[in-house]
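Hello,

I am passing on the structure we talked about. Please have a look at it first; my notes follow below.

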Amino acid sequence: EPTGNLDQETTFSIMDLLLSINRNQKPAIILITHNKDIHMKYPARTLLCDNMQCSEYSNEIEFDFSELG
């Protein structure tokens, strides 16, 4: 979770940098976050992992981050 302790402006700057690296150099970027704002602003393939099980979610499906353990 690379932006866990940052303010929102810095968080989005870091995310824009990661997105630019992804688009220009094509590496895979795996991001783990509890921040719903990041998920909404930077939609991508999303996996929800809980209790050692992961399920793929469509970007159109909204889920409640507060229920994650």
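Does Cys 49 count as buried, exposed or partly exposed? With a relative accessibility of 44%, Cys 49 is partly exposed. Please keep in mind that this is a predicted model.

The overall layout comes next. The protein chain contains two helices and two strands, in the order α-α-β-β from the N terminus on. The chain has 69 residues, of which 16% count as buried. Among contacts with a separation of 6 or more, 41% are between residues 24 or more positions apart.

Now back to the cysteine. The structure has one disulfide, which joins Cys 49 to Cys 54 with an S to S distance of 2.0 Å. In general, a disulfide is a covalent bond between the sulfur atoms of two cysteines. The torsion about the S-S bond of Cys 49 and Cys 54 is about 110°, so this disulfide is right-handed.

Strand 1 covers residues 46-50 and strand 2 covers residues 53-57. The two strands run antiparallel and are joined by five bridges. Asp 50 stands opposite Gln 53 in strand 2. Strand 1 and strand 2 make a hairpin with two residues between them. Asn 51, in the loop between these strands, has a positive phi of about 55° although Asn 51 is not a glycine. At 67% relative accessibility, Asn 51 counts as exposed.

Lys 26 also has a positive phi without being a glycine, with a value near 65°. Lys 26 is placed in the loop between helix 1 and helix 2 and counts as exposed, at 64% relative accessibility.

Next, the aromatic rings. The structure holds one aromatic pair. Phe 12 and Tyr 42 form this pair, which is tilted, with 6.0 Å from centre to centre and 55° between the planes. Why does the pair tie together parts that are apart in sequence? Phe 12 lies in helix 1 (residues 8-25), whereas Tyr 42 lies in the loop between helix 2 (36-41) and strand 1, so the pair links parts that are 30 residues apart in sequence. Both Phe 12 and Tyr 42 are buried. Phe 12 has a further neighbour in Lys 41, which lies over the face of the Phe 12 ring at 4.7 Å from the ring centre.

Thr 11 is also in helix 1. Is Thr 11 buried or exposed? The relative accessibility of Thr 11 is 3%, so Thr 11 counts as buried. Leaving out residues up to four places away in sequence, Thr 11 touches Thr 3, Leu 6 and Ile 38.

Gly 4 is partly exposed, with a relative accessible area of 48%. Gly 4 and Ile 32 are 28 residues apart in sequence, and their C-alpha atoms are 9.8 Å apart in space.

That is what I have for now.

Regards

Note on methods:
Residues numbered from 1 in each chain as written. Predicted model: local features only at pLDDT ≥ 70, side-chain atom pairs only at ≥ 80, totals over all residues. Heavy atoms only, no water. Phe/Tyr/Trp six-rings, centres within 6.5 Å; stacked < 30°, edge-to-face > 60°. Helix = DSSP H or I, 4+ residues; strand = E, 2+ residues; numbered from the N terminus. Buried < 20%, exposed > 50% of the residue type's maximum accessible area, 1.4 Å probe, protein only. Lys NZ or Arg CZ within 6 Å of the ring centre and 35° of its normal. Contact = heavy atoms within 4.5 Å. Disulfide = S-S within 2.5 Å. Pairing = 2+ DSSP bridges.
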